[in-house]
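Walk me through this structure, one piece at a time. Start with the strands and how they pair, then move on to the helices and the pockets.

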Amino acid sequence: MEPSALTAHDLRLGYAARTIVDGLTLDIPPGGFTVIIGPNGCGKSTLLRALGRMITPRAGSVSIDGVDLASLRTKQVARRIALLPQAPLAPGAITVADLVARGRNPHQSLLRQWSDDDERVVDESLREVGMRDATDRLVEELSGGQRQRVWIAMTLAQQTPVLLLDEPTTYLDIAHQIDVLDLCSRLHESGRTIVAVLHDLDLAARYATHVVAMRDGAIAAVGTPDEVFTPETLRRVFDLEALVLRDPETGRPLVVPRDLRGMRSEVAIPTRREKETT
């Protein structure tokens, strides 16, 4: 699978009368694992939805490999970009295999119905996420980590070169977060372009090849984890005072918030008697 590049040019995005993003331009490198970070309400998920053509820009454009998404039909977009929203809900009493099979919808038509090739893709997608043995189980019976793997398998069944993930580790414990992000890393290494919104800065630094930091609907910093995760950028983006150390396991940046309460407690506060004698 050839990696694809996404480009946003001079985007203006919003809902109703509210503008969330204005004048945003961004290049997503092909074949990379791009992570978007930023404080709540800064426009991360809104940007991701625009990259997947889930919302229409009020101005500007999004293109894939130089082709404007607005010029493509819905199924054409779905064959190039798969988007997994935050906390997706599965229909009741649906099996793992049936949910993953829905990823083949963009490839179906009146002239092309379900085929052996579709069956093979579903099987390979489940195998890729380690859920091949759960084919006949109900999705609602699975753990949170298992369900997330099945949703990712559904997006893999679309066979798109680009995969967009909106907070894929939400509500998962740390072991399942690592599990899901290890899977995303393997998918990126196989040639897919991955873009994910993450809240955990240390996980973002651990897995990303490219980081986009947002604040107030604008791009505040772009680059490698080493370039973005600096005390100055963390202060500017998150109003966070932090040290940036080296993770002894990965060598990647490790964010350690500073204990400002402890620092303040070390400041001598004059007693009443001291005040009276000065």
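Strand S11 covers residues 242-246, and strand S12 covers residues 253-257. In this predicted model, the two strands run antiparallel and share five bridges. Within the pair, Leu245 faces Leu254 of S12. S11 and S12 make a hairpin, with six residues between them. Gly251 sits in that turn and has a positive phi of about 80°.

Next comes a sheet of four strands. Strands of a sheet pair through backbone hydrogen bonds, either parallel or antiparallel. Here the pairing is antiparallel. The sheet is open, and its strands follow the order S2-S1-S4-S5. Strand S2 (18-28) and strand S5 (67-68) are the edges. Each has a single partner strand, so one side of each is left without a neighbour in the sheet.

Take the pairs in turn. S1 and S2 are antiparallel and are joined by eight bridges. Arg12 has Asp22 in S2 as its bridge partner. The hairpin of S1 and S2 has two residues between the strands. There, Ala16 takes a positive phi near 55°. On to the next pair: S1 and S4 run antiparallel, with five bridges between them. Leu6 lies opposite Ile64 in S4. Strand S4 spans residues 59-64 and also pairs with S5, again in the antiparallel sense, over two bridges. In that pair, Ser63 has Asp68 of S5 as its bridge partner.

Helix H1 (residues 44-51) lies across strand S1 (6-15), S2 and S4. H1 runs at about 120° to S1.

Now turn to the sheet of six strands. Which order do its strands take? The order is S6-S7-S8-S3-S9-S10, in an open sheet with mixed pairing. S6 and strand S10 (218-223) are the edge strands, and each pairs on one side only. Neighbouring strands of this sheet are turned by 15° against each other on average, direction ignored.

Strand S7 (residues 162-166) and strand S8 (residues 193-197) run parallel and are joined by five bridges. Val162 is placed opposite Thr193 in S8.

Two helices pack on this sheet. H5 touches S6 and S7. The direction of H5 makes about 160° with that of S6. Helix H6 (residues 174-189) touches strand S3 (33-37), S7 and S8. The direction of H6 makes about 135° with that of S3.

Charged side chains come next. Side chains of opposite charge can pair when their charged atoms come close. How many salt bridges does a search of the whole structure find? The search finds twelve.

The pockets remain. Rolling a probe the size of a water molecule over the atoms shows where empty space is left. The largest pocket holds about 340 Å³ of space. Its lining is made of 17 residues. Met54, Ala78, Ile81, Leu83 and Gln158 lie nearest its centre. Helix H2 (74-78), strand S6 (81-84) and helix H5 (144-157) each give two or more residues to this lining. By class, the lining has nine nonpolar, six polar and two charged residues.

The second largest pocket has a volume of about 290 Å³. Its lining counts 19 residues. Nearest its centre lie Ala87, Pro88, Arg147, Gln148 and Trp151. H5 gives the most to this lining, with four residues. Eleven residues of the lining are nonpolar, four are polar and four are charged.

Methods. Residues numbered from 1 in each chain as written. Predicted model: local features only at pLDDT ≥ 70, side-chain atom pairs only at ≥ 80, totals over all residues. Heavy atoms only, no water. 1 Å grid on protein atoms, 1.4 Å probe; cavity = no way out; pocket = protein on both sides within 12 Å on 5 of 7 lines; lining within 4 Å. Points joined across faces, edges and corners; volume = space filled by probe spheres on them. Nonpolar A, V, L, I, M, F, W, Y, C, P; charged D, E, K, R; others polar. Pairing = 2+ DSSP bridges. Axes fitted to C-alpha atoms, helices over the stretch in contact; angles between N-to-C directions. Contact = heavy atoms within 4.5 Å. Salt bridge = Lys/Arg side-chain N within 4 Å of Asp/Glu carboxyl O.
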